[in-house]
Amino acid sequence: MDTHRHPIPAAAIATALMRDQRAATAIEYGLIAALIAVAILGALTLTGSSLTALYQYWSSAVVAAL
C-alpha cells in the first residue's frame with residue numbers, strides 16, 4: 001500500500017477547473033449576485049438621501065407650524 005501522497009501539479013488543477021462547466025456557472029452566478037447587491041446598495045443609498053431630505057423638510061414645517 002502506498003502511503004505517500006504525490007502532489008498534484010497546479011497546471012493539472014487549472015486544466016481540470018477550466019474543463020469543469022460547474023465552476024464557470026458558479027462564477028457566473030456569483031458575478032450576477034454581486035451585481036444585484038451593488039444595484040440594491042445604490043438604490044438604498046439614493047432612497048436614504050431622499051428620505052433624509054423629506055424628513056428634514058417635514059420637521060421644519062412642523063416646527064414652523066407650532
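So, what share of the 66 residues of this protein counts as buried? The answer is 0%, where buried means under 20% relative accessible area, exposed means over 50%, and partly exposed is in between, using a 1.4 Å probe and protein chains only.

A quick word on the model. It's a predicted one, where local features need pLDDT of at least 70 and side-chain atom pairs count only at pLDDT 80 or more, while totals for chains, interfaces and linings use all residues. Residues are numbered from 1 along each chain as its sequence is written, and side-chain values use heavy atoms, with hydrogens and water left out.

Okay, the overall picture. The protein has 2 helices and 0 strands; these are DSSP runs, numbered from the N terminus, with helices (H or I) of at least four residues and strands (E) of at least two.

Now look at I36. You'll find I36 in helix 2, residues 21-65, and it's partly exposed, at 49% relative accessible area.

Last stop, the rings. There's 1 aromatic pair, counted when ring centres of Phe, Tyr or Trp (its six-membered ring) lie within 6.5 Å; planes under 30 degrees apart are stacked, over 60 edge-to-face, the rest tilted. That pair is Y57 and W58, edge-to-face, 5.8 Å centre to centre with 75 degrees between the planes. Both Y57 and W58 are exposed.
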